[in-house]
Amino acid sequence: MGRYFEEFVIGERVAAPSRAVTTPDIEAFAALTGDVNRLHLDDDFARANGFRERIAHGALVLSLALGMAWQTGILEDTTRAFREIESWKFTSPAYPGDVLTLVVEVTALKAYPRLKTGAVTFLATVTNDRAEAVCGGTLHLLMAMRPTQ
């Protein structure tokens with residue numbers, strides 16, 4: 001079971017289990033979305049454009065980050081809505097083989113007792129195994145309040 005709204009504390013940081021980005025991940029994401037930009041699928045093309053090899057789609061990295069957040073366990077069965085992604089920035093490419101780590105910090109809480117939920121704002125940061133920031137931004141979720149007896 002995840003955490004209820006009342007169990008979050010401003011300033012609290014939670015680290016998610018790390019996850020590697022793989023070439024099959026990138027190829028599957030391209031097939032699923034139709035985003036077949038050669039930067040994601042052709043190492044030679046990516047190198048000719050300033051990268052060391054193909055790069056992961058930004059949207060794939062964001063999706064992996066959301067999955068890593070789920071893997072923390074704090075969102076399981078208590079998340080009521082994913083409301084907003086705010087000011088998400090991509091600062092470094094993610095390459096096949098990079099191991100990504102997500103850390104979220106609770107930055108704001110707002111209760112909605114009538115709805116039996118509360119808004120939790122997380123500052124999310126994704127880094128690679130070279131300690132480089134890959135991307136990050138603010139996530140807004142509605143979390144269930146603890147049920148009354």
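Guide: A residue is called buried under 20% relative accessible area, exposed over 50%, and partly exposed in between, using a 1.4 Å probe and protein chains only. The model is predicted: local features need pLDDT of at least 70, side-chain atom pairs count only at pLDDT 80 or more, and totals for chains, interfaces and linings use all residues. Numbering runs from 1 along each chain as its sequence is written, and side-chain values use heavy atoms, leaving out hydrogens and water.

Visitor: Is Arg-3 buried, partly exposed or exposed?

Guide: The relative accessibility of Arg-3 is 23%. The buried class ends under 20% and the exposed class begins over 50%. Arg-3 therefore counts as partly exposed.

Visitor: Which side chain meets Arg-3 in a salt bridge?

Guide: A salt bridge is a side-chain nitrogen of Lys or Arg within 4 Å of a carboxyl oxygen of Asp or Glu. For Arg-3 the N to O distance is 2.2 Å.

Visitor: Over the face of which residue does Arg-3 lie?

Guide: A charge sits over a ring if NZ of Lys or CZ of Arg is within 6 Å of the ring centre and within 35 degrees of the ring normal. Arg-3 is 5.5 Å from the ring centre in question. The ring belongs to Phe-8.

Visitor: With which residue does Phe-8 form an aromatic pair?

Guide: Rings of Phe, Tyr and Trp (its six-membered ring) pair if their centres lie within 6.5 Å; planes under 30 degrees apart count as stacked, over 60 as edge-to-face, and the rest as tilted. The structure holds one such pair. Its centres are 5.7 Å apart and its planes 80° apart, giving an edge-to-face arrangement. The partner of Phe-8 is Phe-122.

Visitor: How many residues apart in sequence are the parts that this pair ties together?

Guide: Strands (E, at least two residues) and helices (H or I, at least four) are DSSP runs, numbered from the N terminus. Phe-8 lies in the segment before β1 (13-15), whereas Phe-122 lies in strand β5, so the pair ties together parts of the chain separated by 114 residues.

Visitor: With which residue does Arg-13 form a salt bridge?

Guide: The closest N and O atoms of this bridge are 3.7 Å apart. The pair links distant parts of the chain, from Arg-13 in strand β1 to a residue 92 positions away in strand β4 (residues 99-112). The partner is Glu-105.

Visitor: How many bridges pair strand β5 with β6?

Guide: Two strands pair if DSSP finds at least two bridges between them. Strand β5 (residues 117-127) and β6 run in the antiparallel sense, and Ala-124 has Gly-137 in β6 as its bridge partner. The two strands form a hairpin with five residues between them, where Ala-131 has a positive phi of about 65°. The count of bridges between β5 and β6 is eleven.

Visitor: Which residue in β6 stands opposite Ala-81?

Guide: Strand β3 (residues 79-90) pairs with β6 in the antiparallel sense over eight bridges. Strand β6 (residues 133-144) is mostly covered, with eleven of its twelve residues buried. Opposite Ala-81 stands Leu-142.

Visitor: With which residue does Arg-130 form a salt bridge?

Guide: The closest N and O atoms are 3.3 Å apart. Salt bridges that share partners join Arg-52, Glu-53, Asp-98, Asp-129, Arg-130 and Glu-132 into one network. The bridge in question links Arg-130 to Glu-132.
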